[in-house]
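Hi there,

Here is the structure I promised to pass on. Have a look at it first, and my notes follow below.

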Amino acid sequence: MSEALPEFQLLAPASVDEAVAALGANPGALASAGGTDLIVRLRKGLSETGTLVDLGGIAALNDITPGAGGGLRIGAGVTLAALAKSAPLAEYPAIPRAVATVAGPTHREVATLGGNLCQDTRCVYYNQSHWWRQSNGFCLKYRGEICHVAPKGNRCRAAFSGDIAPALMVHGASLEIAGPDGTRHLPLAEFYHEDGAAHLGLNPGEIVVAVLLPPPGPVSDYAKVRVRAAVDYPLAGIAVACTQAREGARFTLAITGTNSAPMLVDIADALAEGADADAYFAALEKQVQKAVSPQRTSTLAPHYRRLSVSALAARLARQTAGFAPEDSQRPEP
């Protein structure tokens, strides 16, 4: 099968309302901003549409402005390159750190925040050429009847591999979503579903308009495991935020690359002053191992991904709380 783009009509709305109207008037239409994920899917036959709604000309999606109560409102059309340079985002350290690990510099010049949050899930059985997938009877995510990762299961196991979502989640981000029924707000952690074939919480005709961040506070960081030291998607990634409270250091963790949805890990106990830090972080590492469920969606063994992301979690938690050993090395992006 040729990887030339299929024919489609291109609509260029000038406002969010026009974009929602265009999606509603054209059943099966897809929204696109930077197109770094969607255009590749169209070329490979992984997505199909007769109408593409280009969001790139909507000025209202391109701003970073103060939010309610001292937070930030980040338009979904803001490019990753602009995010990386944003001074206000430096107060949320995990976010620019995660942005810097996405793809390559030229991708980040056109890729957008909304597109990164809404990117498709990935699987070694799915992200292949058309003839390869056809020779295997396709899969549950596309035209097939079984998930080759878990043939006895009833849902797709393709993994969500976005870097920015977990970094936003540990800072309590929510989404502003526009659609035919108006505007609604949703915590980012509730936007995703544990189903690789239907992982986004968007209703028909809806688009992500902005990300809303509360005021800055926690110390945070992000790191990931990948085959190459640059460009690659995360095979497992971890964002950690540390808040100093009266009862001690409290941690919020969010993981990507292992499941069909990025997931928050609830660390209920605080690290009290004077407590055994080594024992605490060893227990935290075990909690992460139990929380994630990597599958055979990549060329890297699931067990390795489980152990590596839990080790990264403990290391970043130590560092954000100021407990890193003197000879420790910060994980490379």
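How many residues lie between β4 and β5 in their hairpin, and which glycine in the turn has a positive phi? Please keep in mind that this is a predicted model. Five residues separate the two strands of the hairpin, and the glycine is Gly-69, with a phi of about 70 degrees.

β4 covers residues 64-66 and β5 covers residues 72-75; they run antiparallel to each other and are joined over three bridges. If you want a landmark in this pairing, Ile-64 sits opposite Ile-74 of β5.

β5 also has another partner. Strand β8 (residues 207-213) pairs with β5, again in the antiparallel sense, over four bridges. Here Gly-75 is opposite Ala-210 in β8.

Phe-138 is not a glycine, yet its phi is positive, near 55 degrees. You will find Phe-138 in the loop that links α7 (130-135) to α8 (164-169). Is Phe-138 buried or exposed? Phe-138 counts as buried because its relative accessibility is 12%, and the cut-off for buried is under 20%.

The other one is Val-231, also a non-glycine residue with a positive phi, in this case about 75 degrees. Val-231 belongs to the loop between β9 (219-225) and β10 (236-245). Its relative accessibility is 40%, so Val-231 counts as partly exposed.

Terms used. Residues numbered from 1 in each chain as written. Predicted model: local features only at pLDDT ≥ 70, side-chain atom pairs only at ≥ 80, totals over all residues. Heavy atoms only, no water. Pairing = 2+ DSSP bridges. Buried < 20%, exposed > 50% of the residue type's maximum accessible area, 1.4 Å probe, protein only.
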